[in-house]
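User: I am new to this structure and would like to learn how to read it. Could you guide me through its features in order?

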Amino acid sequence: MLPTPRKLAAGPGIGPKPHIHPPEDGAEVEGEDFARVDWWGAELSGVTFTRCRFDDAGLEELVTRRCVFDQCVLTGVRMGGAKHHGTAFLSCRFDRAKLFDVVWDGCKLTGSQFPGASVRPMTSTGSDWSYTSLRAADLSGSDLSGQRFRDADLTDADLRECDLTGADLDRARLQSTKLRGADLRGASMDEINWRGFELTGVRIDLVHAVQFARAHGALVSD
């Protein structure tokens with residue numbers, strides 16, 4: 001049983017607080033500035049952060065369980081080796097974040113943006129990346145099978161050698177996306193602009209082949 005959530009008031013408009021300790025399990029934190037905190041190896045359970053800042057924070061080896069980061073700014077955050085289990089990052093910004101070897105297990109990252117972030121290598125299972133902006137992100141060689149990328153912006157992203165079997169890519173933007181060697185078999189790809197990306201060396205199934213042919217003007221018979 002988690003303790004009854006307690007509300008933490010936003011602090012005054014002061015500078016960074018590098019020595020602040022992680023919140024207790026079940027805490028609700030709103031509008032706090034956690035810039036440059038050092039929470040290496042900390043464990044968070046059931047904590048909700050709303051509109052908080054983690055600029056240049058040291059969150060290496062952080063472990064979260066069923067936490068929520070809502071509209072938080074994680075610019076320049078160092079999160080290498082972190083493990084997130086059932087945690088949600090909703091409409092967060094990970095500008096220039098260092099996310100090496102992060103585990104996303106059953107996480108929800110909807111609406112988050114990753115400009116200039118280093119996201120590879122990573123382990124992602126059963127996670128929802130819908131509406132995320134992963135423009136120009138290097139995800140090459142990642143296992144993203146069965147995960148949701150609905151309405152995600154993957155423009156210029158590197159998805160070479162990715163396993164995307166059974167993934168939900170409906171309405172995803174794939175313009176100039178690098179896909180050579182990727183496996184798209186069984187992926188849902190409704191309303192995809194098949195003219196917008198190169199399929200050389202990509203593994204697709206018969207449904208995709210028909211969609212691709214029709215997008216290029218072919219008359220496909222039953």
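Analyst: Let us begin with a definition: a contact means that heavy atoms lie within 4.5 Å. This is a predicted model, in which local features need pLDDT of at least 70 and side-chain atom pairs count only at pLDDT 80 or more, while totals for chains, interfaces and linings use all residues. Residues are numbered from 1 along each chain as its sequence is written, and side-chain values use heavy atoms, with hydrogens and water left out.

User: Which residues is Phe-94 in contact with, leaving aside its neighbours within four places in sequence?

Analyst: Phe-94 is in contact with Leu-74, Val-77, Met-79, Phe-89, Leu-99, Ser-112, Gln-113, Phe-114, Pro-115 and Ala-117, its neighbours within four places in sequence being left aside.

User: Which residues touch the most other members of the largest nonpolar core?

Analyst: In soluble globular proteins, nonpolar side chains tend to be buried together. Buried means under 20% relative accessible area, exposed over 50%, and partly exposed in between, with a 1.4 Å probe and protein chains only. A nonpolar core is a set of buried Ala, Val, Leu, Ile, Met, Phe, Trp, Tyr and Cys residues joined through side-chain atoms within 4.5 Å. Here the largest such core has 60 residues, and Phe-49, Phe-54 and Phe-94 touch the most other members. Of the 222 residues of the protein, 45% count as buried.

User: How many helices and strands does the protein have?

Analyst: Helices (H or I, at least four residues) and strands (E, at least two) are DSSP runs, numbered from the N terminus. The protein has 1 helix and 10 strands, and along the sequence the pattern is β-β-β-β-β-β-β-β-β-β-α. Residues 24 or more positions apart supply 1% of the contacts with a separation of 6 or more.

User: In what order do the strands form the open sheet?

Analyst: Two strands pair if DSSP finds at least two bridges between them. In this model, 5 strands form an open sheet in the order β3-β5-β7-β9-β10, with parallel pairing. Its edge strands are β3 (43-45) and β10, each of which pairs on one side only. From one strand to the next, the twist averages 5°; for such angles, axes are lines fitted to C-alpha atoms, for helices over the stretch in contact, and the angles run from 0 to 180 degrees between N-to-C directions.

User: Which residues stand opposite each other in these pairs?

Analyst: Strands β3 and β5 (residues 63-65) are joined by 3 bridges, and Ser-45 stands opposite Arg-65 in β5. Another 3 bridges join β7 (residues 83-85) to β9 (residues 102-105), where the bridge partner of His-84 is Trp-104. Between β9 and β10 there are 4 bridges, and Asp-105 has Thr-125 in β10 as its bridge partner.

User: Where is the peptide bond that is cis?

Analyst: Most residues other than glycine have a negative phi, and most peptide bonds are trans. The bond from Arg-120 to Pro-121 is cis, with omega near 0°. Pro-121 lies in the loop between β9 and β10 and is partly exposed, with a relative accessible area of 43%. Leaving aside neighbours within four places in sequence, Pro-121 is in contact with Leu-99, Phe-100, Asp-101 and Val-102. Pro-121 and Val-102 are 19 residues apart in sequence and 7.6 Å apart in space, C-alpha to C-alpha.

User: Where is Ser-91 found, and where is Glu-161 found?

Analyst: Ser-91 is in the loop between β8 (88-90) and β9; its phi is near 50°, a positive value in a residue other than glycine. Glu-161 is in the loop between β10 and α1, and has a positive phi of about 65° although it is not a glycine. Ser-91 is partly exposed, with a relative accessible area of 42%, whereas Glu-161 is exposed, at 54%.

User: Why is Ser-140 classed as buried?

Analyst: Ser-140 is classed as buried because its relative accessible area is 14%. This residue is found in the loop between β10 (122-125) and α1 (206-215). A polar contact is a pair of N or O atoms within 3.5 Å; within protein, one must be able to donate a hydrogen and the other to accept it, and residues adjacent in sequence count only if both atoms are side-chain atoms. One of 2.7 Å joins the side chains of Ser-140 and Asp-138. Not counting residues up to four places away in sequence, Ser-140 touches Arg-120, Asp-158, Leu-159, Arg-160 and Cys-162.
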